[in-house]
Amino acid sequence: MPPSALDRLASLHIEYPMLFEVHNAAAERTSHCGVLEFIAEEGMIYMPYWMMQNLLLTEGDMVFIKNANLPKGTYVKLQPHTTDFLDISNPKAILEKTLRNYSCLTTGDSIMVAYNNKKYYIDIVETKPSNAISIIETDCEVDFAPPLDYKEPERPKAAVPPSTAPTAEEAAEEEPKFIPFTGPGRRLDGKAPKDKDVSASSPAKRQANATNSVQPSTASTSQSSSSRKTTGKLVFGPGGNRTSKETEKVPEKEPKEDPKKDEPKFSAFTGRKYSLKG
C-alpha cells in the first residue's frame, strides 16, 4: 500500500494487526487481507495473483479498501482441488507452514500452497465463528473435505455362484399331482378282480377309463346287477329289492368240478358193532 495510507490509518487509532476488506464492485466479490509494507506508489496497491483471481481482477481495475476487525478463527474446512495434495508425505506440516504467511481467511476464497516446485490450490469451504476470520496467534481446528477430482473406488461386485438347488417353478413342475383311487381293486369274496389290466395301467389311463365309463347304459347296468346276484351274494344297490323270482330266471352257472372231491374224506365210527349182551 502507499505511505499515505499508513498516515491516515495511524490517525484513526485502529486495532492491530491491520486487516482490510477488499471489494470489487464490478464483480460483487469481497475478500480480506493484511498489509506487508507501505512502499507502493500513490494511488496503487500490489496484491498476489491468486488474490486477484479470487476477486476477478485484472491489472488497473478499481477496488475499494477499508479497515476491518475480524474475530479469531476457531474452525476452518479446506478442500484441495486435486488429489495430488494428499500424496504429499506430510501435508499437515506443509499446510501449517503455508498458513503462517496468511493473516486472515475468507469463506469462498482459494489459497495457493507451493511445495516441491508445484502449486496446489485449496478452497476455503467453511470458517467459524464468521465468514472471515483472523488466524494470527490462534489455535484453529482444521478439517479437510474430499478433493474436487476425488472419485470413490467402485466396489467389485461379488460373483454369485449358480445355484444348484431347483427353483420354485421347477420344484412345482416336478412335484407329482395327487390322483385318487390309484391302488388295485379288491373283491369282498376274495376272487381276483376282472379289470387287472385296468389296475395295472398308468394313472392317466385309469383316469381316462373312469371318464369314459361315467355314463353306462341301462342295459349294461341291469346285466351286471343280475350277474352279481347269480353268485348268491348279498347285493347293495337299486337291484337289491327285486324278487327272488327274477333271480330264478337267470340260469345258474354249473359249478366247476373241484379236484378236492376225488380225495377220500374222513368218516367217523366206521368199525364193526358189538353188543354188551354177548
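Select Met-112 to begin: it stands opposite Tyr-121 in β7. The model is predicted, so local features need pLDDT of at least 70 and side-chain atom pairs count only at pLDDT 80 or more, while totals for chains, interfaces and linings use all residues. Residues are numbered from 1 along each chain as its sequence is written, and side-chain values use heavy atoms, with hydrogens and water left out.

Next, display strand β6 (residues 110-115) together with strand β7 (residues 118-128), which pair in the antiparallel sense over six bridges. Strands here are DSSP runs of E with at least two residues, numbered from the N terminus, and two strands pair if DSSP finds at least two bridges between them. The two form a hairpin with two residues between them, and Asn-116 in the turn has a positive phi of about 55°.

Leu-19 is buried at 4% relative accessibility, where buried means under 20% relative accessible area with a 1.4 Å probe, protein chains only. Beyond neighbours within four places in sequence, its contacts include Cys-33, Lys-66, Leu-70, Cys-104 and Ser-134; contact means heavy atoms within 4.5 Å. Cys-33 lies 14 residues from Leu-19 in sequence and 5.9 Å away, C-alpha to C-alpha.

Finally, select Cys-33 and Cys-104. Is each of these cysteines buried or exposed? Cys-33 is buried at 17% relative accessibility, and Cys-104 is buried at 6%. A disulfide requires a pair of cysteine sulfur atoms within 2.5 Å, and the count is zero. Cys-33 is in no disulfide, because the sulfur of Cys-104 is 6.3 Å from that of Cys-33, too far for a bond.

Terms used
Helix = DSSP H or I, 4+ residues; strand = E, 2+ residues; numbered from the N terminus. Buried < 20%, exposed > 50% of the residue type's maximum accessible area, 1.4 Å probe, protein only.
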